[in-house]
Amino acid sequence: MAASITAGLQMLATRRSTSSSRMMLPSTVISDKKVTIQTKLSSSFSISFAKPFRQSFSSAPRRDNNVVTRAMSEENDKNSVSGLPIDLRGKRAFIAGVADDNGYGWAIAKALAAAGAEILVGTWVPALNIFETSLRRGKFDDSRRLPNGSLMEIAKVYPLDAVFDSLEDVPDDIKSNKRYSGSSNWTVTEVAESIKNDFGSIDILVHSLANGPEVTKPLLETSRKGYLAALSASSYSFISLLQHFLPIINPGGATISLTYIASERIIPGYGGGMSSAKAALESDTRVLAFEAGRKKQIRVNAISAGPLGSRAAKAIGFIEKMIEYSYANAPLQKELSADEVGAAAAFLVSPLSSAITGSVVYVDNGLNTMGLACDSPSLSV
């Protein structure tokens with residue numbers, strides 16, 4: 001009995017040894033050629049240009065007598081791009097809410113361009129002239145620089161005011177406002193129609209819009225008009241964009257919106273109904289993911305980004321203090337860059353995230369996970 005048990009254990013040990021020899025990492029031998037598998041970690045923002053990443057989920061017969069892991073030989077490695085590339089070549093993106101070169105909308109446009117997408121942008125009508133003039137005179141050339149050294153090209157800039165669905169919705173005082181003079185076809189319906197006429201269709205829709213006229217007021221002091229204005233510009237505008245752009249978004253397309261942690265945590269000073277607007281935006285993200293997914297296989301996600309000292313964010317009045325707080329208390333103690341949000345957006349609209357929809361992805365150095373402020377005076381002894 002003891003002899004048979006001993007023999008069994010010896011056989012098991014032999015099998016384990018054989019199995020282990022088939023998984024030699026970080027190097028192994030395939031067809032008498034040594035293949036080295038290396039992993040390189042880098043915190044810098046880079047999107048590789050490579051052949052399209054192809055996914056195959058079909059099962060293949062198991063081959064026990066051959067090495068299953070395949071890798072690139074050293075001879076071919078020199079001619080190939082390492083890593084897992086984000087490839088958006090042949091895709092067209094419309095980014096709504098780009099009016100300068102220092103916000104998240106611009107960073108997302110750059111990331112998508114770096115991955116090969118054609119870029120269209122929508123700019124708030126009163127800011128259109130300054131934006132186009134700066135772009136034309138080369139004031140944005142430094143920030144247009146892509147990882148491969150070329151400059152981001154914007155195929156077309158469209159005037160846009162996403163608060164209005166159609167021209168019939170525009171009040172007379174806006175129509176006669178000199179800041180809107182000289183521009184036309186800037187309501188959501190008209191912009192969607194213009195893009196259809198100019199380009200036929202898009203694959204990616206980015207909502208980078210928010211505005212609260214009473215953002216500096218506590219919620220208890222916010223007027224009905226101010227509250228509804230915040231929701232209209234910051235959350236319903238996304239519903240309107242997706243509703244009117246849906247017919248020209250190719251099946252399998254993707255959308256991204258930008259939200260903020262104030263949707264679920266108290267941020268004193270972020271008032272005027274803006275916290276409510278962000279909460280609505282996140283709820284709408286889940287509902288629209290279902291509806292657009294069932295209708296055209298379109299994915300709908302949101303990015304909850306940390307504080308950034310953009311021109312728009314300075315309207316809050318204490319953005320620098322928010323950045324300092326984030327640096328002091330986030331698990332990753334570093335300043336958040338717009339490029340990091342852009343990189344996350346590029347991933348979320350790419351085939352690499354083909355099964356992700358209805359999600360809010362935090363890009364904030366982990367600040368959302370904290371329940372206690374590390375720099376609180378209460379913690380000092």
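**A loop, a helix and a cavity**

Mentor: N185 sits in the loop that joins α5 (172-175) to α6 (188-199); helices (H or I, at least four residues) and strands (E, at least two) are DSSP runs, numbered from the N terminus. This is a predicted model, in which local features need pLDDT of at least 70 and side-chain atom pairs count only at pLDDT 80 or more, while totals for chains, interfaces and linings use all residues. Residues are numbered from 1 along each chain as its sequence is written, and side-chain values use heavy atoms, with hydrogens and water left out.

N185 is not a glycine, yet its phi is positive, at about 55 degrees. Most residues other than glycine have a negative phi. N185 counts as partly exposed because its relative accessible area is 41% (buried is under 20%, exposed over 50%, partly exposed in between, with a 1.4 Å probe and protein chains only).

Q297, also not a glycine, has a positive phi of about 55 degrees. Its place is the loop between α8 and β8 (299-305). Q297 is exposed, since its relative accessibility is 59%.

Helix α8 covers residues 274-296 and contains T285. With a relative accessible area of 0%, T285 is therefore buried. A polar atom of the T285 side chain lies 2.8 Å from the backbone oxygen of L281. Beyond its neighbours within four places in sequence, T285 is in contact (heavy atoms within 4.5 Å) with S257, V300, N301, A302, G358 and S359.

Elsewhere, a search of the whole structure finds one cavity of 30 Å³ or more. On a 1 Å grid over the protein atoms alone, a cavity is a set of points where a 1.4 Å probe fits but cannot get out, and lining residues have an atom within 4 Å of a point. The largest cavity holds about 40 Å³ of space, a volume being the space filled by probe spheres set on the points. Its lining consists of P307, I323, S326, Y327, K334, E335, L336 and N365. Of these residues, four are nonpolar, two polar and two charged.

Finally, confidence. The protein averages a pLDDT (the predictor's confidence in each residue, from 0 to 100) of 83, and 76% of the residues score at least 70. Over residues 5-79, however, the pLDDT is below 50, although this stretch has 58 contacts in the model beyond near neighbours in sequence. Where pLDDT is low, the predicted coordinates should not be read in detail.

Terms used:
Polar contact = N/O pair within 3.5 Å; in protein donor to acceptor, adjacent residues only side chain to side chain. 1 Å grid on protein atoms, 1.4 Å probe; cavity = no way out; pocket = protein on both sides within 12 Å on 5 of 7 lines; lining within 4 Å. Nonpolar A, V, L, I, M, F, W, Y, C, P; charged D, E, K, R; others polar.
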